[in-house]
Structures are given as structure tokens and as C-alpha cells.
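Please look over the sequence and the model shown here before reading on. The paragraphs that follow go through the chains, then the cores, then some helix contacts and loops.

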Amino acid sequence: MGNILAVKGIKKSFGGVHALKGVDLTIKEGETHCLAGENGCGKSTIIKVISGFYQPDEGTIEINEKGYPVMTPSEAINAGVQVIYQDFSIFPNLTVIENLAFNQILANKKKLVNKKEFRRIAEEAVKKINFDVDLDALVETLPVADKQLIAISRALLDNAKLIIMDEPTTALTKKEVKRLFEIITDLKKNGVTILFVSHKLDEVFEISDSITILRNGENVITCPTSEMTEEKFTYYMTGRHFDTNQNKADMEKNIGETIMSVKGLSAPGFENVNFELHKGEILGVTGQLGSGRTELSLALFGLLKPTAGTITMEGKEVKIPNVSAAEKLGIALVPEDRLTEGLFLPQSIIKNITVSKMDELTSKAGILSNKKVVEESAKWVKDIGVATKNHEFPVQTLSGGNQQKVVLGRWLATNPKVLILNGPTVGVDIGAKYDIHSLLRKLASEGMAIIIVSDDIAEVIATCDRAIVMQGGRVTGQLDGSELSNDSLTSATN
Amino acid sequence: MMAKIKKIDANILRLIMILIVFLIIACVTQPTNFMKADNFRSMAKQMTEYGLMALGVGVCMISGGIDLSCVYIANLSGITAGLMMQSMSTTSSGSGYILLSVLVAILVGAACGIFNGFLISYLRIPAMLATLGSYQLFMGISIVISNGSTVSGIPEGYTMWGTTLLAGIPFAFVVFLICIILLSLIMSKTRFGQKVYLVGTNAKAAKFAGIKNNSVLIRSYMISGILSAIAGLLSLARINSAKADFGSSYTMQTILIVVLGGVNPDGGFGSIPGIAIAVVILQLLSSYLNMFPNISNYYRDLIWGVALIAVLILNFVTNKRKQARLAKAS
């Protein structure tokens, strides 16, 4: 079979940043091709070039052996290229039917709206992937996985020949990933080609026929998946070798007295949660999206009011009505969504790091010492290795991993006794993930108590001494050190 | 440290350059009328009132909102002080009652600001709507307590401040300068000031960082209310009277000044010195236009409207360039 897509020598610059420095990508018809690379390697840019969203500075695009000197989004769609973006580009305030039928109605240039016609189109769409959903539901009320399937159904309605999925599994639970992979396999049988963009090792190996890896806007390798090993994959992506088998037992473990204990805690989203946290311990809290894990972290940080139960810190029962109360008790939270909850994106790195420590950097008269602020920030930038040329730069100029380090640095600056991290390495590349995990283990060995809330099972295994599993707002399992394994956790969360 | 100084300068430098170019044009075209000490004195008095309000609007805009009610807070405060002075001047002697009236007027301004802040923070009403509503409310209260008429008969012990010169500088302008300096320090050097910037950048992240957003917002609007009250008091002294609908065109002007001064309408960025220079630029422009008898007053709104939109477009373009530069540098 021929190549459905052949792009050659694509270059693209933004201002002075060379996002793509001559990228080639060839996809055979009917295959599932994986495009991998760390954040910022140019994956998203090349997708946007293929879909006509960006005009390349140099290079050629061929679809089905037909050249497109200037690709526009509508040409791309007509040629059968569809992109499922991370945010799915759907209208949350409309119903499933409306979301599915809109494009077709628009494409047919119909001026009037016919409800029956809408329903027919929508029914046809969901049937293509055997997707069982309430067609009259508002899309915003549906789980993330369903939104994704709506986007896929919509793409198929437009006769997609090549579907590009941009990091499709980031917000999905194991079960949902499995369902998505079944759909991908079905699509493949029906002759649809898939370009699967991901940096998650295990998924890439499971689903793809061949792999292209990008690094810093350049091709590193393209080969059939069968010729790739996990070790090579990581090396090609990062250009570094990692000791992936780093053993937790290597670190000195020093689990001390109980620092926090939670009894019968309930709040909207979870109920009757009990656990004890010790000094120097890393406790994992895992479970699917909506299991109450995020709500639990918010309740411990004063952002969600408990309806029952007690929280005890260092032997004293405490109330945590707001964040500053949590801060005074020595509790810190690195939130789930660093872009909206964690960071002041257009503000400087300095301001982002020192915000929670301002009280200490202020004189009695209320004057903030600029010198102290800059020193404090410089100290943390150095300590946790934030890669930046200038601390005055807005934090939005940093990569995902470095942004996460800034949020982490902010809370470490307050010298917390209990550090809670919700999804500490979501959207972070392998190198930074490794750095963050080592840092957390080091902090624990120095006596800090850490709670890692995560649905990334590999992460929980790699870092935690103990884990509690949540499901539907309840704790359904507790696993201690030796019991922590991929199988035990997977079966407990599903 | 150097980098920080340079960064602040970029915006202020641009404003100072506009100011100088404008002064040169004025010198060349209107050398006799414009370049007179008297003209500058009268400009200094006029700019003080809306200048103070612009500072308040600036703080609110940096916090991510806006204050459309400041003109009416000023009028309400002025009327309150005027009525108190009127009724007490017959029974009291000395200047104690004048001081008392001034204090009460400032408290009224602060209370109005706190009310705005309460609507915006605790009740989460968009600032634009909350202050549009309270604008009507404050004007309504002013009309009721003044019976819809001009409050006059202000004792001379107070109105003399409207003509006092300190080393040749009008008293009102000295008050304005003190407010500029104090507010600059508050916004750039204190913990509270930094919090205003951060809440204005991302209120959700501010909450997660342990900032008490509601208290920061209420204090921001309170500052705006106090500055407006001072403006109202100065206007009471200057024109010997107060009226419920005095200076209604100032609302628009304060917003123009704040945006010209480099405050980001989305919040989080902007500086008090920038606003202060923008006040001067606008007053010069306004007085300069007055010197041409053939430009009728009918054109004023048109000119301010065009100016505001032009400044917004200019800011959009410079911001885009700045983003591109940053992308290059990182």
C-alpha cells in the first residue's frame, strides 16, 4: 500500500524559535503510526502544519501522493485529515446531537435547522464506533472519555482517512484507554490510518505499527515498533540514559512518628476516609478520575469544607478553613492543573516562587524586601534546577517540567511538614519527571511527609511507600510497600 | 536588579517621550497662551480631581476589575462634607467641624469602596456591572440627600484651600503628588500591592497560593473609594459647591488615562507612575485643544473616544511584539 501522508523537510519558526528544523514524516495507508517526543519537541507544531493550521516556512506536504503547496484547514479536511485535539474542540454547552451534526450541516451550507436530520446524522455517527451515549445529553455533563469519542465520531462523519490523535490518553483511566484502543483497532480494520501522538512508553508499544521520534524539532528515528526497545525509546526521546530500575530500597528509609491522621473524613466527593501519615513517608492516593482523590487533596488544604470527620496534625485536632490556615499548619499542595491553579503564567518566575512566602520576606512595617525576594527565588531556582536564563521572565516561557518545578519550589520555600502533590508529573517530559521523582524521594529521606495523588500507576510504584486506592468516593484498598505492583494496583483501581 | 529597573522604564520612557513631544508641539504652535505659569496652575488644579480617581481605577484594573462609580463616590463624599459644613457653620466656630466633615467624607468614600468590593468579591458580581449599579446607587443617594440641587454656601475656612498655593504650587496638586507617591509605594513595595497584581493575574492560582482574594479585592476598591472621596473634597473647595451629577464625563477619562498609562485591562500589570504621567498627558491635550476656538466642545467626546481606542490598539501591537521578543529570548 502507498503512503497516505508524506511530509518532507518541514521548517517552521516562531519569532526566533525554530520549532521544526526540517522534519520528515511518512505514514503508510492503514497503519497506526506513533509520533513520540518530549514536550516541546515539535509534535504539536507538525500536527498543526499537516492540518493546515500553520503554514510551514519550508518543506512539502503530500496526501495520497497529491502535493499541497499551500495547505488550508478546509483542504486538509477535504483530503480526509482530521485532528482530535487534546481539548477535543467541542461545544460543551450543546447536546451530543448538535455537536455531531454541526459540521455536516455547515458543510452542506444549509440555512435552516432540521431536528430530525440532526438526530439521523448523530445516530449514524455513533454507530460507526458502537458508541453508546445519550444523544440528548449536554456534552459538558459527560466524562472526558465520552467527549473524546464524540470528537472521534465527528471526525468519521467527515470521511476521515487519517485521524491524528494528540495525546489522547492524558485524561483517561486505564479502562477508558483500553476502550479507546479497541476503537483504534476497529478503525484500522476499516482502513482508517491513525497518527497517535504520545510520549507514554507502554501505550506506544501496545498500539502502534511504527514509530517516529522527534527531539528539538528534528527527526531522531523512524522504524517499525518491533525494532524498538523501551530503553532505546527513552534514549531517543531524551538523548539521556536513565537508570529506570532505580530501586526505592536504595534510598535510606526513615519512617518516623505519625504527623497527620485523618479519621472518618467526608466532604462533597468522598466519604469516610481514614489514613495515617508518618514523617519521611510517601503515601500514594490513586484512583480514577472522579474517585474523590482530588477532592481529598483539596479538603486537606482548606479548599473544600469537610462535612464530617477529623484531621489531626502532630497530635492536635485541627480545622483547616482556608489555604493560609493550611500553610500555617505546614501543609502544602501542588495542585492538579498547574496552568490555571498553580501558576501566574504571565508573571515572573520570581513572583511565582515567592508568593506563598511573602509574609516572611516582609518587614514589620509591611514593606517587601526586593533583595530578599530575589535571593529567595534564586536559591530555589538553583536548588531544584529550573532551567531559565532570566528569573524576570514570565513563567509561561518555561517548559512544562520547569513550570512544575516552580510550583514545587514555591511550596518547598514554605518548609512544609506535609507536602501534597496532585498529579505531580502530568504533562511533564521524562527527564523532568525523573528529576521530580528523585527530588521527592530525597525530601522524604530528610523527614518530609509526602502525599502523591496520581492515576499514573508507574509513578505510584516508583515513589510511594504505601498507597490507598479510592473508587467512587470511598477508600477501597490499602497496599503496603511490598504489595505495590503494577498488577495489584491495576486490579484495585479498575 | 538592573533588569527590573529597565523593565519599568520601557513603559514610562514611552510615556515621557509622548509628553516631551507634545510639549514641543505646544511650545511651537501656542507659545504665548500655553506656556504660561497661570495656565499650568489651572491645569494642575483640574487634573488633580480626575487624576486621583484614575489612580483608584488603576488599582482596581490591576486587581482584574474596574471601578466605574468613582465620579459618583466623589460627588457623594463632596455633598456629604458640604452639607455637614453648611449646617454646622452657623453653630460652630473654629475649624474643628471642617476637619470632622472632611473625615466623614473620606469614611463615606471608603464605605462606598468597601461596598463595591463586597459585591465583586463575596457575591462574585462582575466588576463592570457591580460598579455600574453602585454608580447609579451613589448618584441616587446624592440626589436624595441634596434634594437634587447644588450644595453651596461652603464656609470660607474650607474654600480657601481651593486657592492656596504652596511655594507657587496649588494645594490640591500637592495632595495629588502625595497620593501618587504613597500609592506607588503601596503597590510596588508592600505585600498587599504584590497580592493585588497576583490576584489580577489569576484569581484561582492566587487562592491556591494562600492569598485571601476577597480581602485583597475589598481593600483595592476601598483605596479607590478613598481617592475618589479626596477628589470630591478638592472639587468642593475649588468650585465652592457640590452636585450629584458633577463631572460625569470623568468616568470615561479615567479609563482612558489608566489604559494610556499602561495598565492591562485584563489585570495583573501596570504601574502607578505610568498612570500619573498619563494624567499629565491627558490634561495637556485637553487644555491645548481648548486654545483653538474653532474646535468646538462638541468634538470632545469624539476625540476621547478615538484616543481610547487608538491607545488600546497601540497596546495590543506592543504587547504582541513583546511576546515575540520573549519567545525569542527563552
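**Two chains and their packing**

In chain A, 69% of the contacts between residues at least 6 apart in sequence join residues at least 24 apart; two residues are in contact if their C-beta atoms, placed from the backbone, lie within 7 Å. This is a predicted model, in which local features need pLDDT of at least 70, side-chain atom pairs count only at pLDDT 80 or more, and totals for chains, interfaces and linings use all residues. Residues are numbered from 1 along each chain as its sequence is written, while chains are lettered from A and ligands numbered from 1 in the order in which they are written.

The secondary structure of chain A consists of 17 helices and 20 strands; helices (H or I, at least four residues) and strands (E, at least two) are DSSP runs, numbered from the N terminus. Its C-alpha atoms fill a box of roughly 70 × 50 × 50 Å along the principal axes. Of the 494 residues of chain A, 43% count as buried. A residue is buried if 20 or more other C-beta atoms lie within 10 Å of its own, exposed if 12 or fewer, and partly exposed in between, with C-beta atoms placed from the backbone.

Chain B has 14 helices and two strands. The radius of gyration of chain B is 20 Å, close to the 20 Å from the globule rule for 330 residues, so chain B is as compact as a globular protein of that length. Its C-alpha atoms occupy a box of roughly 70 × 55 × 35 Å along the principal axes. Of the 330 residues of chain B, 45% count as buried. Among contacts in chain B with a separation of 6 or more, 81% are between residues 24 or more positions apart.

**Cores**

Which residues touch the most other members of the largest nonpolar core? They are A:Ile420, B:Met53, B:Ile230 and B:Ile275, in a core of 160 residues. Helix α11 (residues 213-239) of chain B gives the most to this core, with 15 residues. A nonpolar core is a set of buried Ala, Val, Leu, Ile, Met, Phe, Trp, Tyr and Cys residues joined through C-beta atoms within 7 Å. A second, separate core of 64 residues includes A:Ile4, A:Ile47, A:Ile50 and A:Leu157. Not counting residues up to four places away in sequence, A:Ile420 touches A:Ser297, A:Leu300, A:Phe301, A:Ile331, A:Ala332, A:Leu333, A:Ile451 and A:Val453.

**Helices**

In chain B, ten of the eleven residues of helix α12 (residues 250-260) are buried, so this helix is largely enclosed by the rest of the structure. Among the buried residues of α12(B) are B:Tyr250, B:Gln253 and B:Leu260. After α12(B) comes B:Gly262, with a positive phi near 95°.

The axes of helix α9 (residues 191-201) of chain B and α11(B) come within 10 Å and cross at roughly 105°. Axes are lines fitted to C-alpha atoms, for helices over the stretch in contact, and angles run from 0 to 180 degrees between N-to-C directions. On the α9(B) side the contact involves B:Phe192, B:Lys195, B:Val196 and B:Val199, which meet B:Asn213, B:Val216, B:Leu217, B:Arg219 and B:Ser220 in α11(B).

In chain A, the axes of helix α14 (residues 400-412) and helix α15 (residues 430-445) come within 8 Å and cross at roughly 25°. That makes α14(A) roughly parallel to α15(A). A:Gly401, A:Asn402 and A:Gln404 of α14(A) make the contact with A:Gly431, A:Ala432 and A:Ile436 of α15(A).

**Two loop residues**

A:Glu167 lies in the loop between β7 (162-166) and α6 (174-189) of chain A, and has a positive phi of about 45° although it is not a glycine. A:Glu167 is partly exposed, with 19 other C-beta atoms within 10 Å. A:Glu314, in the loop between β14 (308-313) and β15 (316-318) of chain A, has a positive phi near 50°.

Note on methods. Parallel < 35°, antiparallel > 145°, perpendicular 65-115°, else oblique. Rg over C-alpha atoms; globule rule 2.2 N^0.38 Å.
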